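Hi there,

Here is the structure I promised to pass on. Have a look at it first, and my notes follow below.

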Amino acid sequence: MGRGLFITVEGTDGSGKTTQIGLMKDYLERKGYSVVLTREPGGTYISEKIRAIILDPANSRMSAITEMILYAAARAQLVSEVIKPALESGRIVICDRFVDSSYAYQGFGRGIDLEVVESVNKAALDGAMPDITFFFDISPEIALNRRIEATGTDRIEREDMEFHMRVYNGYKQIALLNPERIRVIDSNRTVEEISKDVIGWIDRLLK
Ligand code: TYD
């Protein structure tokens with residue numbers, strides 16, 4: 001990959017990712033880095049259109065495979081249009097969700113074979129793998145309630161708690177399988193404590 005730094009952020013819905021991403025970006029910009037902030041599914045004109053199809057409550061009949069391929073399609077566009085060019089010009093990319101979301105939600109959550117998720121996404125990633133991934137570890141019950149209180153719900157968030165538990169446990173397994181890349185962040189703490197932890201890891205990487 002290019003000369004930049006590629007950071008991704010993962011967690012179940014409402015795990016506090018957005019707050020921490022804002023703090024990360026502020027910190028890095030204060031240190032003089034050029035930061036590109038993006039999110040999945042979305043982040044480009046085409047990817048946002050795909051996002052609208054996936055999250056539309058009217059599309060509740062969407063098959064798991066269709067969904068998985070649409071996430072990968074949105075990702076392919078984001079990688080080629082935003083992530084790769086930014087890394088090649090030496091910038092820091094922070095992406096709110098990336099391929100681990102597909103393993104956790106489509107693989108562990110919906111039960112699609114992980115090897116199928118991997119092979120479809122191999123094409124989408126085109127070699128772009130994060131340098132570091134933060135998994136914000138908080139129980140889905142607490143996380144989901146926080147999120148619903150703050151913003152209401154969308155189609156995926158109304159799935160049953162068992163689905164969210166499968167996703168959550170999936171993330172933990174993915175983290176165990178990728179200890180060199182994924183940092184598990186205990187998110188049952190204050191915003192300040194979590195941020196200190198995250199920034200500590202980023203500093204270590206920048207040195
Ligand atoms: P969003 O409203 O962006 O949620 P969040 O703020 O929690 O990231 O919706 C994204 C939803 O899409 C979220 O429920 C997770 C899901 N998702 C997948 O199922 N697979 C994927 O590959 C990605 C990127 C997201």
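A residue counts as buried when its relative accessible area is under 20%. Tyr168, with a relative accessible area of 9%, is therefore buried. Please keep in mind that this is a predicted model.

On to the aromatic residues. The whole structure holds 5 aromatic pairs.

Another pair is tilted: Phe135 and Tyr168, at 6.4 Å centre to centre and 50° between the planes. Since Phe135 sits in strand S4 (residues 132-137) and Tyr168 in helix H7 (residues 161-177), the pair ties together parts that are 33 residues apart in sequence. Phe135 is buried too, at 2% relative accessibility. Phe135 and Tyr168 also belong to one aromatic cluster with Tyr105, Phe163 and Tyr171.

Next, the helices. The axes of H3 (residues 64-88) and H4 (residues 99-109) come within 11 Å and cross at roughly 175°, which means that H3 runs roughly antiparallel to H4. At their contact, Glu67, Met68, Tyr71 and Arg75 of H3 meet Val99, Ser102 and Gln106 of H4. By type, these residues are 3 nonpolar, 2 polar and 2 charged.

Arg75 turns up again with Phe98: its charged end sits over the ring of Phe98, 5.7 Å from the ring centre. Likewise, the charged end of Arg183 sits over the ring of Trp201, 4.4 Å from its centre.

Best wishes

Terms used:
Residues numbered from 1 in each chain as written. Predicted model: local features only at pLDDT ≥ 70, side-chain atom pairs only at ≥ 80, totals over all residues. Heavy atoms only, no water. Axes fitted to C-alpha atoms, helices over the stretch in contact; angles between N-to-C directions. Helix = DSSP H or I, 4+ residues; strand = E, 2+ residues; numbered from the N terminus. Parallel < 35°, antiparallel > 145°, perpendicular 65-115°, else oblique. Contact = heavy atoms within 4.5 Å. Nonpolar A, V, L, I, M, F, W, Y, C, P; charged D, E, K, R; others polar. Phe/Tyr/Trp six-rings, centres within 6.5 Å; stacked < 30°, edge-to-face > 60°. Buried < 20%, exposed > 50% of the residue type's maximum accessible area, 1.4 Å probe, protein only. Lys NZ or Arg CZ within 6 Å of the ring centre and 35° of its normal.
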